[in-house]
Amino acid sequence: QQQQQQQNFPKEANKADVVFEATTADLQRLVMESPVPVLIDVYADWCGPCKALTPALEQMAVKAGGMFRLVKVNSDNERPVSAALEVTALPTIFAVRDGKVVNSFRGMPPDEKFMRDFMVGFLTPGGTFNPPVSNEQKHKFAELSSKLTKVACTASFSFSARERLQDRTSSRLDELVKAYGGDMGDAEGSAKVLRSLLSNVIRDPFETKFRKVNLENKVIASKVGSFPPCVAILKSVGFAVDEDGVALVLGKGKRGVNIAPLLVARDCIDKWIDQNRYKIAAAARKRKDEVERARLSAEAEAAAADADEEEEEEEEEEVDPHACVIKLRIEGKKKVHELEMHGDDPLSKIITLLPVDVEEGQSVQLTCAARRLVVKSTNDVEMSKSLRQHKLFPSAVVVVKVADSNAKAPTTSNGDTTSLAQRAAAQKSKKKGSHTMQSVGIYSKDDNAKSELIDMGGGVWYEHDITDDEGEEDENNSESNTTDEVKEKDDNETVNSKKDEDLSQDE
């Protein structure tokens, strides 16, 4: 049974094949592109627990037979790695699967069971850890994975290679504009498609579907595949034509790819778009104007064609030069009736077209304020005249008043029927008359006003005659003058008699 258990264990691997001392530049090759899970041991030479834990991890990696690899990183020598992984204590162990941090622990494991559960969750595909990883820890590990990826790819891509790739990408974009005949708008469209393809791989470099570009796709074929500069940019970052020749593949057979060239190319595209944004905007406006002009031209042509068809199909309407439109309103009502008549029709025809019934004996009066026209139905001469003669042609507004002919007309005091002028004069005479206004107040004695002293005091009694009749006013004025003369004469006689009395007393 012991021999059978030994046969179930994997064959031990060479230490050099599973245990590595890595620098920052080696992380891309040893960790990000590793075909098996990786344990990253961040240690320091002066750390006592590190000296005890690291040999145990090396032995586990050898006995596992290549199921995982151990990558040791000296914290003092590789500060960028320690900063990216936010190491705060030594030793710190990170479990990396498919280039992503899935779990970690710091210091020496508390017991053998903890280490066994950790390794089982680490090596089992899709397995879970005990204790399980919380959502907060998963979010934190995702941030550490992103930082580790950037550090690894940046360190593995030299500065000279970066400059060469930038120059090639910029020149290919300029060639793309020439391929479009100088149209910056179309060139920008292809550049954006390229940027989208690169961003998909950068977001998840371990997803193989993002690392394959199907040249038979309609959008990709029209925006990328048809233009050699676009294909050249993809090839410069690592894409290669597959065996069938219908797709471009990046990192075929690898679990992950180095995203550093893709980052450089994407940054070049963003910079090129930003530098040419004014030209791109001008091209977009020009294209929009062309589309709008084409649309307006098409609409104008369609409208002209429709107008021609309507003219051919529809007959021209004949306008009657003698047509007369009378807008009729019954007095006391708001509704307006529209009558279509002939200019030579007599005025009496309006009565026959009234919207109300006119009984026998009723009188109808037609009034047009605009033409200063007032005609009664009893006036046969005026009613026989045409609308044209009454200047109601071609249109007019007429107010109709229907009255009972049996009603008595206004008469004078003698019983005679009054005319319109007589009734107006009588109405005006009613407004004339006279009345007396009396007031009591305190006035000066020598104000020369016509007044009568009351109780020998300052109060006076005023009497005024007010009239609207000029004749009556003149008459009153004459009477008033006569009264004043008589009163003045009486006053003079009184003064003279008083003087005589004074002289007699003196004698």
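In which sense, left-handed or right-handed, does α9 pass α10? Please keep in mind throughout that the model before you is a predicted one.

Let me begin with the sheet. Five strands form an open sheet, and their order is β1-β3-β2-β4-β5, with mixed pairing. At the edges lie β1 and β5, the latter covering residues 100-106, and each of these pairs on one side only. On average, neighbouring strands of this sheet are turned by 20° against each other, direction ignored.

Two helices pack on this sheet. Helix α4 touches β1, β2, β3, β4 and β5, and its direction makes about 155° with that of β3. Helix α7, residues 135-156, touches β2, β4 and β5, and its direction makes about 110° with that of β5.

I now turn to strand β3, residues 69-74. In the order of the sheet, β3 stands between β1 and β2. Strand β1, residues 19-21, runs parallel to β3 and is joined to it by three bridges; Val19, for instance, has Leu70 of β3 as its bridge partner. Strand β2, residues 38-43, also runs parallel to β3, and here six bridges join the two. One of the residues involved is Val38, whose bridge partner in β3 is Arg69. As a general point, strands of a sheet pair through backbone hydrogen bonds, either parallel or antiparallel.

How many of the residues of β3 are buried? The strand is mostly covered, with six of its six residues buried. This holds for both faces: Arg69, Val71 and Val73 are buried on one side, and Leu70, Lys72 and Asn74 are buried on the other.

Strand β3 also takes part in a right-handed β-α-β unit, made by β2, helix α4 (residues 48-63) and β3. The α4 of this unit is the helix already described as packing on the sheet.

Finally, I return to the opening question. Helix α9, residues 184-203, and helix α10, residues 218-225, have axes that come within 9 Å and cross at roughly 115°. The crossing in which α9 passes α10 is left-handed. On the side of α9, the contact is made by Gly189, Ser190, Val193, Leu194 and Leu197, while α10 contributes Ile220, Lys223 and Val224. By class, this contact has five nonpolar residues, two polar ones and one charged one.

That concludes the presentation; I thank you for your attention.

Terms used:
Residues are numbered from 1 along each chain as its sequence is written. This is a predicted model: local features need pLDDT of at least 70, side-chain atom pairs count only at pLDDT 80 or more; totals for chains, interfaces and linings use all residues. Side-chain values use heavy atoms; hydrogens and water are left out. Axes are lines fitted to C-alpha atoms, for helices over the stretch in contact, and angles run from 0 to 180 degrees between N-to-C directions. Helices (H or I, at least four residues) and strands (E, at least two) are DSSP runs, numbered from the N terminus. A crossing is left-handed if the near helix is turned anticlockwise from the far one by less than a right angle, and right-handed if clockwise. Contact means heavy atoms within 4.5 Å. Ala, Val, Leu, Ile, Met, Phe, Trp, Tyr, Cys and Pro count as nonpolar, Asp, Glu, Lys and Arg as charged, and the others, Gly among them, as polar. Buried means under 20% relative accessible area, exposed over 50%, partly exposed in between (1.4 Å probe, protein chains only). Two strands pair if DSSP finds at least two bridges between them. A crossover is right-handed if, with the strands pointing away from the viewer, the path from the first strand over the helix to the second runs clockwise.
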